Structures are given as C-alpha cells and as structure tokens.
Amino acid sequence: MQVQLAGEARRPGRESEDFAAASPEALVLLDGSSSPTGLESGCRHGTPWYVRRLGVHLLTRLTDRADRSIAECLADAIVETAALHGGRCDLAHPNTPAAMVVAARRHGTALEYLVLGDSLLVLEFKDGPPRVIGDNQRFPGGEELRRQVWSTVPGSDERAALHLEYALAVRAARNNGGGPWIAAASPKAAQHAETGFVGLDRLRAVAALTDGASRYTERFGLGSWGDALRLLAESGPGELIAQVRAVERTDTDCERWPRGKAHDDASALYALL
C-alpha cells in the first residue's frame, strides 16, 4: 500500500483525539469520543492517551497475528490497552475513554476490514461506484435530543446543558446492549463491528475518514464520494481537510449546516493498493 494521511485538531492549541497510522500492509484510524468539559471519566489518562495506545496495539495485532480475525485483533488490542490503565482508573465508569475505529489489512488476496462507530471506510473499486462502510452504531433514542443540541447557539449555556444531557444519555446506553457499541474497556464491543473481505483485484484504493473529515460529503455536500476520492488521490488528505475547514469558517454559528460542533478533529487516510 502507498499511504497518505493527514490530521488536524479542531482548534489550534488543542490536542487531537484522532489517531491514524499505517504500515505497508495495514491501516488504522481512530476517533476518540469527546466529553463535555467537566464530565468525569474515572480515568487519569484521558482520551488522546487512550486512542494512541489502542491504535498502536491494533496496528501491531493486524500485522503480526494473521491467524486472528480483524475483530479478534481489535478485542485483543482493547484488552491490552485496558491493562495499561492500572488500578487507579475506573474502567467501569460509563465515560471511560473510548473511540470509533476503522481498520483494514491485506490478508492473502483480499482486503479485510473493520468499522465500529461513525467513522467511515470508503472502498474505491476499479469498476463501479465507491462503497461506503460505517456509521453503524447510531443511537435512535437520542436523535431528538441531538437535534435540540443543533438548534441552539454554539457556545451558549443552553447548548452546553443540552450537550451534557445528550452525552450522559449516550454513555448510559452504550456497550450494554441498549445503545451503540464503541471501543472502550470491554473487548465485547469488537463483536459488534462491521467486518468483511473484498478481493484486492477489485480495488484501486481505500480511504478512511473520521466524522470531522467526512463532513466534506456527509454534512457539507462539497462533492460525491467519487469526487472525494479523486481529491484524495490528486491533492491528498490535507487538501480535503482544508476544504472542510474553509466551509466551517463560513458557518461558525452552525446555522446553514446544523452540527454539534462548528469545528471537529478531522483525520483522513488514503491508501493506493
């Protein structure tokens, strides 16, 4: 694989909660689950610490354990990362650090993939339209509350209060069978990831994007997924993120394009196979 990647925190001076890495045969992309300011997590390390360690462990497993399925590799990485927390972290806390995950690797004559959460994997075929995989852990019970968050003024006390209410509702439901699954402290989440194989002879390239980068198509409609793939191939992931940021700056009040954050951490990876 020939890989290009780029990432940018949602604002200068803030540490990104995304993580992206690749080897010649595998790639990983993680989007940390952000918490409202002041919401306890039971963890002394924080989300950026968690996503980097989970990402490194997952990439290692993808490259050295061909005998394990990609979901089993994620489960192993979750267990290994949980062990690094130590006894001072409460991993049973509903707000323990967590992340959405995209992963892919060459496995014989096929590409094996995994997506858990609202990040996306886009398959670019030699013939036919792209296939988009992901956004597979939605929370229908919180959609009305989410729309209420979007309807408020960014930075207002009302938005902060509603955002906290929504965050608490999601965390109460996730990883227990009543809501979305996310990579946190329990390896059981890996069983709920979307996985599969695609023949390498059918593929030209793959792209992985966190939801901050997928705004290019999903939120702002700057082009189709075919357009996004051409932009990634011709100008690279940094240019796609730059175009997302340019649109965000024209709508800082989130009025034209309702969304939870005016800007979000954004990461994108493009791999030519």
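Leu-74 touches Leu-58, Val-101, Leu-114, Leu-116 and Ala-190, residues up to four places away in sequence not being counted; contact here means heavy atoms within 4.5 Å. The structure is a predicted model, in which local features need pLDDT of at least 70 and side-chain atom pairs count only at pLDDT 80 or more, while totals for chains, interfaces and linings use all residues. Residues are numbered from 1 along each chain as its sequence is written, and side-chain values use heavy atoms, with hydrogens and water left out.

Leu-74 belongs to the largest nonpolar core, which has 29 residues; Val-28, Leu-30, Leu-58, Leu-62 and Leu-74 have the most contacts inside this core. A nonpolar core is a set of buried Ala, Val, Leu, Ile, Met, Phe, Trp, Tyr and Cys residues joined through side-chain atoms within 4.5 Å. Buried means under 20% relative accessible area, exposed means over 50%, and partly exposed lies in between (1.4 Å probe, protein chains only). At least two residues of the core come from each of β2 (18-22), β3 (26-32), α1 (47-64), α2 (70-85), β4 (99-107) and β5 (110-116). Helices (H or I, at least four residues) and strands (E, at least two) are DSSP runs numbered from the N terminus. A second, separate core of 22 residues includes Leu-120, Ala-207, Ala-228 and Val-244. In soluble globular proteins, nonpolar side chains tend to be buried together.

Strand β3 is mostly covered, with seven of its seven residues buried. Ala-26, Val-28, Leu-30 and Gly-32 point one way from β3, whereas Leu-27, Leu-29 and Asp-31 point the other way. Strands β2 and β3 pair in the antiparallel sense over five bridges; two strands pair if DSSP finds at least two bridges between them. Asp-18 has Asp-31 in β3 as its bridge partner, and a hairpin of three residues joins β2 to β3. Strands β3 and β4 also run antiparallel and are joined by seven bridges, with Gly-32 opposite Ala-99 in β4.

These strands form part of an open sheet of five strands in the order β2-β3-β4-β5-β8, with antiparallel pairing. Its edge strands are β2 and β8 (194-199), each of which pairs on one side only. From one strand to the next, the twist averages 10 degrees. Strands β5 and β8 run antiparallel and are joined by six bridges, and the bridge partner of Leu-111 in β8 is Val-198. Helix α1 lies across β2, β3 and β4, running at about 160 degrees to β3. Axes are lines fitted to C-alpha atoms, for helices over the stretch in contact, and angles run from 0 to 180 degrees between N-to-C directions.

Helix α5 (residues 211-218) and helix α6 (residues 225-235) pack at an angle of about 125 degrees, with their axes 9 Å apart. The two helices, α5 and α6, are therefore oblique to each other; angles under 35 degrees count as roughly parallel, over 145 as roughly antiparallel, 65 to 115 as roughly perpendicular and the rest as oblique. In this contact, Ser-214, Tyr-216, Thr-217 and Glu-218 of α5 meet Trp-225, Asp-227, Ala-228 and Leu-231 of α6. The residues of the contact divide into four nonpolar, two polar and two charged. Ala, Val, Leu, Ile, Met, Phe, Trp, Tyr, Cys and Pro count as nonpolar, Asp, Glu, Lys and Arg as charged, and the others, Gly among them, as polar.

Leu-91 is found in the loop between α2 and β4 and is partly exposed, with a relative accessible area of 27%.
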